[in-house]
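Notebook open, pencil ready. Here is what I looked up today, entry by entry.

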Amino acid sequence: DLITTQYYKLHPLSPERHLLSALLLILAGAIPPAAQTWNTQLSGTMRQLNDVEFISSTQIVAVGDKFGANFTVIYSTNGGTVWNDATVAANLNAVAFDGSAGIAVGGGGTIVRTADSGVNWVDESGATSKNLAALAVNGNTVIAVGTKDGASFNVVRSTDGGDTWAAPSSLPGGGVNLAAVTFVTSTTVVAVGDKGGGIYTVIRSVDGGDNWAAASSVPAGNKN
């Protein structure tokens, strides 16, 4: 349909895509009527926000683009009514939490970590110099993906909750930009991205992200 077609033409981090995501869920009946009424709340920033994560029913963290010397991290402890700034010197594209522990990733291989629900952040960058676009968390195992590094996929992995990071033991050839990653089970991870060789790029790991292979039987298509 027209809405779905236009949705997949949008950039994966664009505000329009996030808005259409909510619209599609409403049309599909996945969002209850009580959640379909929206009220404007002041976020305290004019910068673009790229991702948001609920830690609990009242604790929320959102991340976004650079503002001056720092980049945008805001958090709320009352369900989004009031937002507070958290200073992070990094361009952030995505954030994920497991309880009060959270990790955000962004431009130039930036990786930052918080242990107090987004109030204070520690820089854990260094595993890659390329842009990181998305991440997935499963307990202490964290996978981040993003812009390709030369001819190689850009995938980095932590097994200690984001304290230390390293490249996987093996990746398939023909690297392209990866836009999203998710844990299917505690050990199976799937990442998707730009087309390679005329088909959608889907790579898969069955050992928690240490070794990756190209998925089989992937249809032809454009990207993402």
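I began at a hairpin: strand 9 and strand 10 form it with two residues between them, and Gly139 in the turn has a positive phi of about 65°. I took strands as DSSP runs (E, at least two residues) and helices likewise (H or I, at least four), numbered from the N terminus.

A note on what I am viewing: this is a predicted model, where local features need pLDDT of at least 70 and side-chain atom pairs count only at pLDDT 80 or more, while totals for chains, interfaces and linings use all residues. Residues are numbered from 1 along each chain as its sequence is written, and side-chain values use heavy atoms, leaving out hydrogens and water.

Next I checked the pairing (DSSP must find at least two bridges between two strands). Strand 9 and strand 10 (residues 141–149) run antiparallel over six bridges, and Leu135 sits opposite Ala144 in strand 10.

Buried means under 20% relative accessible area, with a 1.4 Å probe and protein chains only.

Then I looked up Val145. Beyond neighbours within four places in sequence, I found that Val145 contacts Leu132, Ala133, Ala134, Asn154, Val155, Leu178, Ala180, Val181 and Ala191. Contact here means heavy atoms within 4.5 Å.

Last, I took in the protein chain as a whole. I noted two helices and 15 strands, and 39% of its 224 residues count as buried.

Conventions. Buried means under 20% relative accessible area, exposed over 50%, partly exposed in between (1.4 Å probe, protein chains only).
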